[in-house]
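Student: I have a model to go through today. Please keep it brisk, and give me the cut-offs as we need them.

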Amino acid sequence: MKKLFVFMLAAAALFSCTKPQPHLTADESMQKGLAYFQKKNYDEAIPMFENSIMEAESPDMAAKAQLFLADSYFMSKRYPEAIPAYQQYLDVYSTSEDANTAMLRLGLSHYALIDKVDRDMAAAEGALKSFSTLREKDPAFAKEYDLTKKIVELRNMLADRELYVGKFYIRIGEPQAGIKRLDYIIERYKDTNAYEDALYEYGLYYAKQDGKENEALKYFNQLLKEKPDTKYAKDVAKQLVVLLDKVQKRLDKKGA
């Protein structure tokens, strides 16, 4: 009898665990989701908002549920999940009054996932795209959240990445791949700290190549002209003396 009683208790427990949950309407699950959200129980709120999206019979309900779903991921620091949730909201509701906040949090989600400069920079690119789009769309809103400062930071970060990779390729004997990275910095990131580094590395590379003195002089002179207070000023001055001497000797040899 004791064994039978234990078995019946176990069966009852199993039945209660597998009993299907009652169907919730969009409004019912929204109310439950909001109650969880207000208590900061974001993990419990997420399935409620997902159900509201599935059951929504109006665009307004779907939009509200989608935004709260994204916010739940964001507030719980589940940034990889927040990103597509915000993106989906913006793809459909880009003109809503909450679109700016969604775009801001999309950028902040990318920003939170940024790794070191020697790693993949997709997160930095995503954050830069979001912040730049938002600044172009609503300068006042962007100013309120000081997004220009973050944009400058991100552009410097991406330029540093290009510089890191460019120098690496040159160092391992693949100069064309490295030069391509330096070109990209010079063309796209003139407003960054890496710009003067790229000019210097370009000049230094050509200075080490026989017969490429004029190319080296071009980049060294450009560096001194555009960045007269450059940290490379002393070294560039020495390089110019050596390069000009080589050019003069070549001219003398031709004239002899």
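Student: Are Tyr202 and Tyr206 buried or exposed?

Tutor: The model is predicted: local features need pLDDT of at least 70, side-chain atom pairs count only at pLDDT 80 or more, and totals for chains, interfaces and linings use all residues. Residues are numbered from 1 along each chain as its sequence is written, and side-chain values use heavy atoms, with hydrogens and water left out. On relative accessible area (1.4 Å probe, protein chains only), under 20% is buried, over 50% exposed, and in between partly exposed. By that scale, Tyr202 and Tyr206 are both buried.

Student: Which helix holds Tyr202 and Tyr206?

Tutor: Helices are DSSP runs of H or I with at least four residues, strands are runs of E with at least two, and both are numbered from the N terminus. The two tyrosines are 4 residues apart, about one turn, and both lie in helix 11.

Student: How many aromatic pairs does a search of the whole structure find?

Tutor: Rings of Phe, Tyr and Trp (its six-membered ring) pair if their centres lie within 6.5 Å. Planes under 30 degrees apart count as stacked, over 60 as edge-to-face, and the rest as tilted. The search gives a total of 16.

Student: What kind of pair do Tyr200 and Phe220 form?

Tutor: The ring centres are 6.2 Å apart and the planes stand at 50°. That angle is why the pair is tilted.

Student: Which helices does the pair of Tyr200 and Phe220 link?

Tutor: The two residues are 20 residues apart, in distant parts of the chain. Both are buried. Tyr200 belongs to residues 194–207 and Phe220 to residues 213–226, which are helix 11 and helix 12.

Student: And what kind of pair do Tyr202 and Tyr206 form?

Tutor: Their ring centres are separated by 5.6 Å. The planes meet at 15°, so this pair is stacked.

Student: Which residue lies over the face of Tyr111?

Tutor: A charge sits over a ring if NZ of Lys or CZ of Arg is within 6 Å of the ring centre and within 35 degrees of the ring normal. Here the distance from the ring centre is 5.4 Å, and the residue is Lys150.

Student: Which residues have the most contacts inside the largest nonpolar core?

Tutor: Such a core is a set of buried Ala, Val, Leu, Ile, Met, Phe, Trp, Tyr and Cys residues joined through side-chain atoms within 4.5 Å. The largest one has 70 residues. Helix 11 supplies its largest share, 10 residues. The residues with the most contacts inside this core are Tyr86 and Phe220.

Student: Which helices are among those covering the buried residues of helix 5?

Tutor: The buried residues of helix 5 include Tyr86, Tyr89 and Leu90. Contact means heavy atoms within 4.5 Å. Beyond four places in sequence, Tyr86 touches residues including Leu67, Phe74, Ala102 and Leu106. The cover over helix 5 includes helix 4 (59–75) and helix 6 (99–112).

Student: How far apart are the end C-alpha atoms of helix 5?

Tutor: The expected span is 1.5 Å times one less than the number of residues. With 15 residues (79–93), helix 5 should therefore span 21 Å. The model agrees, with its end C-alpha atoms separated by 20 Å.

Student: Which backbone nitrogen does the side chain of Ser52 reach?

Tutor: Ser52 lies in helix 3 (residues 42–55) and is buried, at 0% relative accessible area. A polar contact is a pair of N or O atoms within 3.5 Å; within protein, one must be able to donate a hydrogen and the other to accept it, and residues adjacent in sequence count only if both atoms are side-chain atoms. At 3.0 Å, the side chain of Ser52 reaches the backbone nitrogen of Met30.

Student: What is the phi of Lys40?

Tutor: Lys40 is in the loop between helix 2 (26–38) and helix 3. Lys40 is exposed, with a relative accessible area of 62%. Its phi is positive in a residue other than glycine, near 65°.

Student: Where is Lys77?

Tutor: Its phi is also positive, near 65°. Lys77 counts as exposed, at 61% relative accessibility. Its place is the loop between helix 4 and helix 5.

Student: What share of the residues in the protein is buried?

Tutor: The secondary structure comes to 13 helices and 0 strands. The protein has 256 residues, and the buried share is 38%.
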